[in-house]
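Please open the model in your viewer and keep the selection panel at hand. The tour below goes from one selection to the next and says what is to be found at each stop.

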Amino acid sequence: MSVFVVSVGIFSTVFAASVTQKPDQASASHTAKKNHFKKTDRLPAQAIKVDSPKQVMSAHSEDLRALMLALYESHPEELSKSAQVGPREMTEWVFDGKFGWRFDGLQRLQDQQALDLLFDEQFQGDHVLALVVGLETSLFHGYGAENEFAIPAEQDMSRMQTLACSLREFQKRYHGLISGPKAVPMLQEAASQQLVSSTLDSILQRIPSVSGQSCP
């Protein structure tokens, strides 16, 4: 029993330092296409009535959690760039782990800098991780917090406008990316494109717009 505990501790330390292990082919290579659309169908259910900014952020996070799981199940080749675990375990580590949303595989980048990796032809890392980490950190930073748990009770409408504009700009760049000749396979697949687009739409619908103001 003591040997097992030590082994688990060592594994956890290695993962926290850098998400770069090779995958367990038995768990990561299985195809979840039949479950993919079930998870897609579940996303609109996240558009529940919420009151506080923290509740709204929680709904955003649930959308992104479902997005990450579905993309990893459909594209184990991206998961294999990060870890030797299954899609669900990787998703739980990213959202529930103690990594502060900074991963060596993404050069510890967050926010727009993490999203920019999707447009970098030299980036050979995990595109699912870059997408989800970039969006999640953009969101809680936009709400004026350092993490998803410390969302202020009052919304700064100016910050909300900036956040909404930033996400819309990314959405435009994303659509340009998926139609480009050098798009990664994950972004070229129609089902993945639809899933990412619907998630972004769901998130944007929750962010209040400022009357009379428009994005630059």
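Begin by selecting Leu-131 and displaying its surroundings: once neighbours within four places in sequence are left aside, Leu-131 is in contact with Leu-67, Leu-71, Leu-115, Leu-118, Phe-170 and Val-196. The model in which you see these contacts is a predicted one.

Now step back to the whole chain. The protein contains 11 helices and zero strands, and of its 216 residues 48% count as buried. If you consider the contacts between residues at least 6 apart in sequence, 69% of them join residues at least 24 apart.

Next, colour helix 4 and helix 8. These two helices pack at an angle of about 175 degrees, and their axes lie 10 Å apart; with angles over 145 degrees counted as roughly antiparallel, helix 4 and helix 8 are therefore roughly antiparallel to each other. From helix 4, select Met-57, His-60, Ser-61, Leu-64, Leu-67, Met-68, Leu-71 and Tyr-72, and from helix 8 select Val-128, Leu-129, Leu-131, Val-132, Leu-135, Glu-136, Leu-139 and Phe-140, for these are the residues that make the contact. Sorted by class, the contact of helix 4 with helix 8 has 13 nonpolar, two polar and one charged residues.

Leave helix 4 (residues 53-74) coloured and turn to helix 6 (residues 87-96), which packs with helix 4 at an angle of about 150 degrees, with the axes 9 Å apart. That angle makes helix 4 roughly antiparallel to helix 6, and the crossing in which helix 4 passes helix 6 is right-handed.

Is Ser-138 buried or exposed? With a relative accessible area of 5%, Ser-138 is buried. Not counting residues up to four places away in sequence, Ser-138 touches Asp-111, Gln-112, Leu-115 and Leu-163.

For the last stop, move to helix 9 and pick out Gln-171, which is found there. Why does Gln-171 count as buried? The cut-off for buried is under 20% relative accessible area, and Gln-171 counts as buried because its relative accessibility is 13%. If neighbours within four places in sequence are left aside, the contacts of Gln-171 are with Ser-197, Leu-200, Asp-201 and Leu-204. To finish, draw a distance between the C-alpha atoms of Gln-171 and Leu-200, which are separated by 7.4 Å although the two residues are 29 residues apart along the chain.

Notes:
Residues numbered from 1 in each chain as written. Predicted model: local features only at pLDDT ≥ 70, side-chain atom pairs only at ≥ 80, totals over all residues. Heavy atoms only, no water. Axes fitted to C-alpha atoms, helices over the stretch in contact; angles between N-to-C directions. Helix = DSSP H or I, 4+ residues; strand = E, 2+ residues; numbered from the N terminus. Parallel < 35°, antiparallel > 145°, perpendicular 65-115°, else oblique. Left-handed = near helix turned anticlockwise from the far one by under 90°. Contact = heavy atoms within 4.5 Å. Buried < 20%, exposed > 50% of the residue type's maximum accessible area, 1.4 Å probe, protein only. Nonpolar A, V, L, I, M, F, W, Y, C, P; charged D, E, K, R; others polar.
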